[in-house]
Amino acid sequence: MARYYDVHPENPQTRVIGQVADLIRAGGLVAYPTDSCYALGTRLGNQDGLDRIRQIRHLDDRHHFTLVCHDFAQLGQFVQISNSVFRLVKASTPGSYTFILPATREVPRRMLHPKKRTVGVRVPRHTVTQALLAELAEPLVSSTLVLPGDEEPMTQGWEIKERLDHQLDAVLDAGDCGKEPTTVIDLSGPEPEILRRGAGDLSRFD
């Protein structure tokens, strides 16, 4: 059964954040809030965690997972940011954007796009997510929590607990955080390519 943690969305309890971080370090899979809907998250390099996410969401091996980072500096450890896109990414973080960029050697091969060698990265704005990432001191490998057959992401922690009780190790509930996923922008080519229009403002990319 998944452990259920009810946290304040603006002032998350330090003890609870520490317990969830310990679960992730031990190989756990958790559902957690972001500034653009709930997500499934596990530790970087945790192959079992990735397999469990694929099983829950019925994903194939081609699915692009996202590295959710604490800040721009951490993001820069895992992707190569050219001078031409540096300001664009810097000005858009934190925020509801996922950027597709060339990966560094810090990213496990199985997470990369098989041909482009790219990976998705983002820096969320949500206070609870930021607290968890700060405690972990490493990124979370994540995927939006949309279940097979559902058209929209899940938005209620208690419902996540109810439906995925035996498939998760923990649910971190900070209340409703919306159901609009991130805007996904591919910055690996000569021009920005918008792959998904979501919560992020697109004016600076159009």
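**A strand residue and its surroundings**

Modeller: T118 lies in strand β6, which spans residues 118–122. Strands here are DSSP runs of E, at least two residues long, and helices are runs of H or I, at least four, both numbered from the N terminus. This is a predicted model, where local features need pLDDT of at least 70, side-chain atom pairs need 80 or more, and totals for chains, interfaces and linings use all residues. Residues are numbered from 1 along each chain as its sequence is written, and side-chain values use heavy atoms, without hydrogens or water.

Is T118 buried or exposed? Its relative accessibility is 1%, so T118 counts as buried. Buried means under 20% relative accessible area, exposed means over 50%, and partly exposed falls in between (1.4 Å probe, protein chains only).

Now its contacts, meaning heavy atoms within 4.5 Å. Neighbours within four places in sequence are left aside. T118 then touches H64, S188, I100, L101, P102, A103, M111, L112 and H113.

L40 is 114 residues from M154 in sequence, yet their C-alpha atoms are 11 Å apart.

Next, a helix pair. Two packed helices are described by the angle between their axes and the distance between the axes. The axes of α1 (residues 14–25) and α5 (residues 127–136) come within 9 Å and cross at roughly 55 degrees. α1 and α5 are therefore oblique to each other. Angles under 35 degrees count as roughly parallel, over 145 as roughly antiparallel, 65 to 115 as roughly perpendicular, and the rest as oblique. From α1, I17, G18, V20, A21, I24 and R25 take part. They meet V128, A131, L132, E135 and L136 of α5. By class, this contact has eight nonpolar, one polar and two charged residues.

Finally, the whole. The protein chain has six helices and ten strands. Of its 206 residues, 52% are buried. Among contacts between residues at least 6 apart in sequence, 66% join residues at least 24 apart. The C-alpha atoms fill a box of roughly 45 × 35 × 30 Å along the principal axes.

Notes: Axes fitted to C-alpha atoms, helices over the stretch in contact; angles between N-to-C directions. Nonpolar A, V, L, I, M, F, W, Y, C, P; charged D, E, K, R; others polar.
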